[in-house]
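This report describes selected packing and pairing features of one protein chain, arranged by region. Please keep the sequence and the model at hand while reading.

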Amino acid sequence: MKRKVLATLLTAAMVMGLGACGGGSSTTTTTTDNAADAAVESEAEVAAESIAEAAAEAGDEGKVLNIEVWNEEFKSRITDHYEGYEEVDSTHGKIGDVTVNWIITPTNDNAYQNNLDSVLPGNADAAADSKVDIFLVEADYALKYVDADVDVAMPLSELGITEADLSKQYQYTKDVVTDANGDLRGASWQACSAGLIYNRKLAEEVLGVSEPEEVQEFVKDWDTFNETAKKMKDKGYNVVATVNDSYRVYSNNVSQPWVVDNKVVIDENIEKWVKDSKALVDEGETTTAELWSDDWAKGFFAESPVFCYFGPAWFIDFCMHADEDGSIGKDGGWGLAAGPQNFYWGGTWICAARGTDNPTLVKDIILTMTTDDEVMETIAVADSDCVNNKDVLAKLAADESFGNAILGGQNPYAMLAEGAELVDMSNISIYDQGCNESFQQAMKNYFDGNATYDEALAQFQSAIAEKYPELA
């Protein structure tokens with residue numbers, strides 16, 4: 001397992017050097033002793049060569065590793081799972097003699113991307129201690145930063161990372177950060193395939209079933225899902241907390257990008273979301289509450305008015321208040337089904353910044369945090385994250401003793417692994433985040449009865465014209 005950082009190697013070199021300078025030993029040995037000594041010397045020589053190569057490779061590298069992030073998730077992964085990392089304080093750490101500087105810029109008002117846009121273009125000319133070494137991106141805007149012409153993220157091949165190194169990762173996670181020339185410019189430890197997270201108690205009460213395979217029959221496609229919504233309403237429940245819960249499922253399954261021949265187009269599946277959502281709202285089967293709002297989150301707690309949410313593994317474990325008394329998750333009251341359509345949500349990609357003066361350490365971090373089987377399994381078990389490693393997920397899926405307590409002991413990894421194989425990223429574009437956000441905001445007026453569809457569409461078109469004036 002390749003997880004040793006340069007500090008460990010250099011420390012070992014010092015220990016070996018001290019041993020070589022020690023007092024002499026008897027030269028009278030048996031044949032067996034000679035063979036053993038030769039074997040030890042051979043291993044020591046190999047180790048010494050590796051240490052010398054690593055030291056030479058990193059000798060001229062920087063002493064400050066700057067990592068641009070928008071929250072503390074990646075920091076926690078490094079702290080918990082990267083061998084040799086020592087935490088100094090909330091925004092600093094050490095890896096050997098390298099100081100790690102965490103630069104955290106929240107995403108509010110696009111601040112994180114604005115910061116990247118400011119620091120990355122001139123990174124190669126920045127002062128040594130100020131150079132960005134690693135930055136993170138999400139799928140919604142990844143193409144903006146892995147563009148070959150922009151060239152702010154290095155191709156991983158320039159770090160010496162090969163296709164063989166990444167062979168266990170899911171293809172869609174590579175597609176997200178592949179440029180027009182076919183060069184991969186980032187890697188992720190996460191595979192964020194997702195499903196329908198349902199309230200077992202409400203499923204049993206309204207549908208008469210509670211296990212995932214049984215519940216799936218009631219949500220297997222959108223027509224069936226909408227029929228189930230009527231059943232839920234008859235019992236006084238909302239099928240989802242808000243129409244915004246299902247948007248990503250529809251938008252992940254479009255047949256064309258948002259922009260075709262420099263024109264914004266609305267895909268049939270996006271139009272279906274509008275039609276289905278309007279009907280659900282008009283029938284009182286859901287609401288138009290904003291994601292992450294208090295009204296949206298009410299469904300996470302006992303006496304929930306909500307049958308289901310849509311989300312991946314990270315959503316289950318980090319967003320459903322499962323550590324709070326009175327929450328459904330704390331009592332293991334959720335289940336996971338595939339839902340009407342396959343989709344994914346989220347994921348974080350590690351990019352090496354063009355101009356980094358720490359390429360050896362950056363390479364090791366990317367390989368360790370996204371390809372090391374032991375690290376991947378530990379993240380999956382300890383952090384309940386769905387990791388980007390086919391072998392590890394297959395192992396966990398086959399483990400009958402493994403289960404997610406929030407899901408009532410259900411093992412979700414076989415379902416999530418199958419979903420990750422099916423994710424299709426062929427229709428992503430650099431305009432996805434802006435178009436998706438503006439479209440949902442405009443349609444809320446239509447769903448709430450404050451505008452006709454055409455008026456809401458005009459609002460969307462106006463917002464896009466302001467954000468992307470180059471588009472027709």
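At what angle do the axes of helix H10 and helix H11 cross, and within what distance do they come? In this predicted model, the axes of H10 (residues 244-251) and H11 (residues 268-282) cross at roughly 155° and come within 9 Å. H10 and H11 are therefore roughly antiparallel to each other, since angles over 145 degrees are counted that way, and their crossing is right-handed. On the H10 side the meeting residues are Asn244, Ser246, Tyr247, Tyr250 and Ser251, while H11 brings Asn269, Ile270, Lys272, Trp273, Asp276 and Ser277 to the contact. Sorted by class, the contact of H10 with H11 holds four nonpolar, five polar and two charged residues.

Helix H9 (residues 222-234) also packs with H11, at an angle of about 10° and with the two axes 11 Å apart, which means that H9 is roughly parallel to H11. Here Trp222, Asp223, Asn226 and Ala229 of H9 meet Lys272, Asp276 and Leu280 of H11, and the residues of this contact divide into three nonpolar, one polar and three charged.

Seven strands make up an open sheet with mixed pairing, in the order E2-E3-E4-E1-E5-E14-E6. Strand E2 (85-89) and strand E6 (187-188) stand at the edges, and each has a single partner strand, so one side of each is left without a neighbour in the sheet. Helix H14 (residues 359-371) packs on this sheet, where it touches E1, E3, E4, strand E5 (132-137), E6 and strand E14 (349-352), and the direction of H14 makes about 165° with that of E14.

Within the sheet, strand E1 (residues 64-69) and strand E4 (residues 98-104) run parallel and are joined by six bridges, with Leu65 having Val100 in E4 as its bridge partner. Strand E3 (residues 92-95), by contrast, pairs with E4 in the antiparallel sense over four bridges, and the bridge partner of His92 in E4 is Asn101. The hairpin of E3 and E4 has two residues between the strands, and in this hairpin Gly96 takes a positive phi near 60°.

## Salt bridges

Side chains of opposite charge can pair when their charged atoms come close. With a cut-off of 4 Å between a side-chain nitrogen of Lys or Arg and a carboxyl oxygen of Asp or Glu, the count comes to 21 salt bridges. One of the pairs is that of Asp117 with Lys144, whose closest N and O atoms are 3.1 Å apart. This pair links distant parts of the chain, given that Asp117 lies in helix H4 (residues 111-119) and Lys144 in helix H5 (residues 142-146), 27 residues apart.

## Helices H18 and H19

Helix H18 (residues 432-447) packs with helix H19 (residues 453-467) at an angle of about 150°, and their axes are 8 Å apart. That angle makes H18 roughly antiparallel to H19, and the crossing of the two helices is right-handed. The contact involves residues of H18 including Phe439, Met443 and Tyr446, and residues of H19 including Tyr453, Leu457, Phe460 and Ile464. By class, the residues of the contact of H18 with H19 divide into 11 nonpolar, five polar and two charged.

Technical notes. Residues are numbered from 1 along each chain as its sequence is written. This is a predicted model: local features need pLDDT of at least 70, side-chain atom pairs count only at pLDDT 80 or more; totals for chains, interfaces and linings use all residues. Side-chain values use heavy atoms; hydrogens and water are left out. Axes are lines fitted to C-alpha atoms, for helices over the stretch in contact, and angles run from 0 to 180 degrees between N-to-C directions. Angles under 35 degrees count as roughly parallel, over 145 as roughly antiparallel, 65 to 115 as roughly perpendicular and the rest as oblique. A crossing is left-handed if the near helix is turned anticlockwise from the far one by less than a right angle, and right-handed if clockwise. Contact means heavy atoms within 4.5 Å. Ala, Val, Leu, Ile, Met, Phe, Trp, Tyr, Cys and Pro count as nonpolar, Asp, Glu, Lys and Arg as charged, and the others, Gly among them, as polar. Two strands pair if DSSP finds at least two bridges between them.
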